[in-house]
Amino acid sequence: MQYHDNSLINSRLIKLNKIKELGIDPYPARYSRTSDILTSVNNFIEQESEDSDPHNDDNKITLAGRIIAIRGMGKAKFIDIRDYSDTIQILFRSNVLGEQFELLDHLDIGDFIGAKGNVMRTRTGQVTLHADEFTILCKGIRPLPEKFHGLKDTETRYRQRYLDLIANEEVISTFTNRSKLLTGLREFMNDRGFIEVETPVLVPIPAGAHAKPFVTFHNALDENLYLRIATELYLKRLIIGGFDKVYEIGRVFRNEGVDQNHNPEFTLLESYESYADYNDVMSMVESLINHLALKINGSSEIAWGDHKINLSPPWPRLSLREELLNRAGIDIDEYPDDQSLSHKARELGLDVTNLENRGRLIDKMLGDFIEPHLIQPTFLIDYPEVMSPLAKSHPSKPGYVERFEAYIAGMEIANSYSELNDPVIQRTRLEGQEQIRDMYGDDELDRLDEDFLTAIELGMPPTGGLGMGIDRLVMLLTEEISIRDAIIFPHMRTLK
């Protein structure tokens, strides 16, 4: 095999062949380590403090990892290796390794090796493994990018995440913390009596949210199916069926643009609790997010740009209507129809070309006039009915529903409402959404799911529902400014 256009790859292939000619398998099936690097270093430091002899044969250890640096000439070489936990320097001496020392000349940065020996400190105090022997575990034939340490090119980082992980140790930390967040989230929900469930990803009707779906075709069924845009209606079916508390953590898919806060596929937590309302859910959300911050960072405070954000409960509750009046000088109740509100929005300088219906107009105003100011954790509460066809009407505010959105750092983190359980009103609301869709050709409006309406006609108890974006929460708690830094393989345009 020759790569005529790449001399570096050909050089590595030559080394690979020489290793094989020596009768050495450069790709062994397994290798037994004593522990990871960090554990071994910590154990050595403990032994030092106990005045134990780390050079005793009984204290020999075996480590393995990727080569990230090679130094030295003549009779000694230093090679740095890195595993998932940490980095360590390995000292190789010709008088210790004998003929095996020459094999080091066939190694390159990026290869994997294992080494056995005693841990020691060099004259400069650096913790080092003094190797008695080593094993080639994988010979890489493609070199790492030049100056791979601290790789900054965002296109390369997101498109080839494996290079990003190799080059930037903090990226591994981000996704380790993402895993801790998901573990902590499940612990929190399970401790509160919620049952984790799984609902369909391929659905006949993409309902439960305002979003344009992805469509596919099922050959055997001879029909179109959609990637789910939410899990809401299936989880409510479970409440109707007799579960008291359910939740799901899973991927949802929305055929929308890509920007700092949006990815076409993202991870969503949805939960539903019988006999609760949106006030109960607010209390749960502020406790949950503070719990996760303490679990990951050990503190309720996080940094976001120039801001210090305190996640400790309780969070303020602000009326959507009053905030629009305070921030934009508009009382939306004075503009009860599409035309009057659209005209007012234009006066306020908003581009409303494709936002003709009233719900979309209010959402645009919220995004432009309110959202950027909600840096500290805030619940924005009580939304117009036209924006929330699945929410229960507010008992003291005609035309509004019991709904909140949670904002932190100017981003929506969670959406919740007291679930509408009146089957007659629910049918009327969803039929109204279909009429608006037909009128404006708006393919992002919520959709009527006849089977869900059949289910809710059997009776659903009062229920508090929640949808929370996991990727944005990871952004906050790991202090990443782009959702692409919180999703391990973000969506990228295919190179042609």
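User: Buried means under 20% relative accessible area, exposed over 50% and partly exposed in between (1.4 Å probe, protein chains only); is Phe92 buried or exposed?

Analyst: This is a predicted model, in which local features need pLDDT of at least 70 and side-chain atom pairs count only at pLDDT 80 or more, while totals for chains, interfaces and linings use all residues. Residues are numbered from 1 along each chain as its sequence is written, and side-chain values use heavy atoms, leaving out hydrogens and water. Since its relative accessibility is 0%, Phe92 counts as buried.

User: What is the arrangement of the rings of Phe92 and Phe134?

Analyst: Rings of Phe, Tyr and Trp (its six-membered ring) pair if their centres lie within 6.5 Å, with planes under 30 degrees apart counted as stacked, over 60 as edge-to-face and the rest as tilted. This rule gives three aromatic pairs. For Phe92 and Phe134 the centres are 5.5 Å apart and the planes stand at 80 degrees, so the arrangement is edge-to-face.

User: How many residues apart are Phe92 and Phe134?

Analyst: Strands are DSSP runs (E, at least two residues), numbered from the N terminus. Phe92 lies in strand 3 (residues 87–93) and Phe134 in strand 5 (residues 127–138), so that the pair links distant parts of the chain, with a separation of 42 residues.

User: Which residues form one aromatic cluster with Phe379?

Analyst: Phe379 and Phe404 make an edge-to-face pair, 5.0 Å centre to centre with 70 degrees between the planes. Phe379 is in strand 15 (residues 378–384), whereas Phe404 is in strand 16 (residues 400–408). The cluster that contains Phe379 also holds Trp315 and Phe404.

Conventions. Helices (H or I, at least four residues) and strands (E, at least two) are DSSP runs, numbered from the N terminus.
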